[in-house]
Structure formats: C-alpha cells, structure tokens
Amino acid sequence: MSATPPPIHQLSLWLVSSVHNVFDTMFQLSTEQLPAEEMHLPAGETVAVSIGFVGQVNVEVLIYAPSQAAMQLASIVLEMPAAELDQPTVGDVMGELGNMVVGAVKSNVSDLGLDCTMTIPSVSFVSECRTPLHTADSSTTLGFEFHGGKCLIKLVLKPAA
Amino acid sequence: MDRKILTIDDSKMVRMIVEKTFAPYNCIVTAASDGSEGVEAALRDKPDIIFMDITMPVMTGLEALAKIRQTPEIAATPVVMLTAESDAQRLGAADALKVAGYISKPFQGDQLVLLTHKLIGLTRKK
Ligand SMILES: [Mg+2]
C-alpha cells in the first residue's frame, strides 16, 4: 500500500510555523516571512544546509543564509562574540537549526501515520546562493527576514524511493 | 555533592548550551557526540542523569537508550530525550524504554534545569 504524502502547501505551512518557533525560542528573534522572489540574499559567502527525512514521505529542505547572518545567529545562541567563532561551529549551529526546523515538520508527517526517519544535516559554505526560486507541485521556496539577516528555505517533496 | 550530567548530541551547539545552562549549579557536565560514545561515557562516568538526542550518526539515541537499559551498571540511569522529533511513534518508543522525560527542540535552558531538579535535585554554586 502506498501512502499519500501531505501536499506541499501543508508541508510549507508546518515549515513556516516551525521557523518562527525555532528563531523565537533559540535566538529570541522574531521572523517575518517574505515572498522569496522579492528577496535577494546579499552576495558573498553563504551557508547551505541540506536536511530532511526519508521513508513513506521523502522531503529535502535546503537552507541558505549569508555567512554573516549565520555567524550572528551562532553568536546569540552560544553567547560568544562573533570574532571567536570558527567556521565549523557556525556550520554546526546552522545544521542544528535545520534539524529543529525540519524535526517539527517530520513529527507532523509521522503523526499522520507515515513512517519517516530524519537525516543528518549536511552543511557547506558556498561562494554564493544559487537556487532556482520556483514553486511547483513538488517544491517551494520561502524567504525569511530577521533582525540582522535573511535566509531562503527551499522545500522539496521527493518521489518515494 | 556535584551532580553528574551527560549530554549526548551530535550538535556541538546543543552540548554547549547544556554545559552553559548547568554552569551556575553544583554539577559536572560531560559530553558525547553519538550514541555509541554516549554509552561508553555513561559506563565510564556513571552520570546521575543523561540528556539524549535521537538523530545522531553511528548509533541513534533510541538504540543507545536500549543499550543503557540492557547494561546492569547503568540500566537505572534517568534518561531525558532532548530531540526535534516529537511524534507519537518516537514518544512511544522512548516510553517503552522507560525515559524519565521528553523535551522537544527548540528548547530553553530553564526546561532542562526544572526537570533535572525534579528528577535528581540541584543546588546552586555559592
Ligand atoms: Mg542530532
């Protein structure tokens, strides 16, 4: 029997609410959702996180944030001056942020009776963000702004393996 | 006497938050970054309480918890799951392995302190 995954619209509603909750609880920052097409990440080094869940529903979430903004988030949550943070530590903070954001979406999907397992976040530093900003049946890109930074989050619903 | 707290999480951020959270209390916090290292650390340090993530490389938190429950020297250690997964299936699996508590990420340090105080008692450093 093949399970029907929730539509991308439902997944993205869960994702948005989770982003607000994670930023508020971990970083004491309020976030505003903006149309991704209108949002341009500043040029320059960008942190890219890939995280998701696999099983009866397969989802990949890609998070892009300028390194500067990521460093600011790490500095808040670790209560350390940004100058003392090394790249692996900033990457770890962004990976765990991704884990928390996607964990809530996965939990909602699992509570529909669809068995899935979270993946381990993979983090890289790229010279700039290049993600196609289209919305389709199987993917959508969301923009968020918070004090001192912006990020883009792309949600991709993948076909069953 | 100092309480011994073990944090098992693949995120350095979470391990650092746990360490900072308990710094004002009479505690010694040790850390491990996957389930397998965590079981070894538990056997070595005999913690009074463990905070355990679920999704980790090498050995997941639920596998590590099962291993702890099967190991007589540490089987009775209170284990609190600290995880981004809060669905009924995961909660049920953790319950079956006699977890002492469940804290969903995102979290605040206060939640850890309150639960730890309730389970094993904490005193502030003078
Ligand atoms: Mg983890």
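## Basis of the description

Residues are numbered from 1 along each chain as its sequence is written, and chains are lettered from A and ligands numbered from 1 in the order in which they are written. In this predicted model, local features need pLDDT of at least 70, side-chain atom pairs count only at pLDDT 80 or more, and totals for chains, interfaces and linings use all residues, while side-chain values use heavy atoms, with hydrogens and water left out.

## The contact between chains A and B

Chain A gives 27 residues to the contact and chain B gives 23, where contact means heavy atoms within 4.5 Å. The two chains bury about 2000 Å² between them, and 58% of this lies on carbon and sulfur atoms. Buried area is the accessible area (1.4 Å probe) that two parts lose on being put together, summed over both.

Between chain B and chain A there are eleven residue pairs in polar contact, both residues being at pLDDT 80 or more. On the side of chain B that touches chain A, α1 (12-22) and α4 (88-96) of chain B each supply at least two residues. The largest share, six residues, comes from α1(B). By class, this side of chain B has ten nonpolar, five polar and eight charged residues. A polar contact is a pair of N or O atoms within 3.5 Å; within protein, one must be able to donate a hydrogen and the other to accept it, and residues adjacent in sequence count only if both atoms are side-chain atoms. Helices (H or I, at least four residues) and strands (E, at least two) are DSSP runs, numbered from the N terminus. Ala, Val, Leu, Ile, Met, Phe, Trp, Tyr, Cys and Pro count as nonpolar, Asp, Glu, Lys and Arg as charged, and the others, Gly among them, as polar.

## Salt bridges

Over all chains the count is eight salt bridges, each a side-chain nitrogen of Lys or Arg within 4 Å of a carboxyl oxygen of Asp or Glu. Three salt bridges lie between chain B and chain A; K106(A) and E85(B) form a salt bridge through their side chains, at 2.8 Å from N to O.

Within chain A, K158(A) and E60(A) form a salt bridge with their closest N and O atoms 3.0 Å apart. This pair links distant parts of the chain, 98 residues apart: K158(A) belongs to strand β7 (residues 149-158) and E60(A) to strand β3 (residues 58-66).

## Backbone features

The peptide bond between K105(B) and P106(B) is cis, with omega about 0°. P106(B) is placed in the loop between β5 (101-104) and α5 of chain B. In chain A, Q28(A) has a positive phi near 50°, although Q28(A) is a residue other than glycine. The loop between α1 and β1 (31-34) of chain A holds Q28(A).

## The largest pocket

The largest pocket has 18 lining residues, and those nearest its centre are E79(A), I17(B), T21(B), Q108(B) and G109(B). Its lining divides into ten nonpolar, five polar and three charged residues. The largest share of the lining, four residues, comes from α1(B). On a 1 Å grid over the protein atoms alone, a pocket is an open set of points where a 1.4 Å probe fits, with protein on both sides within 12 Å along at least five of seven lines; lining residues have an atom within 4 Å of a point.
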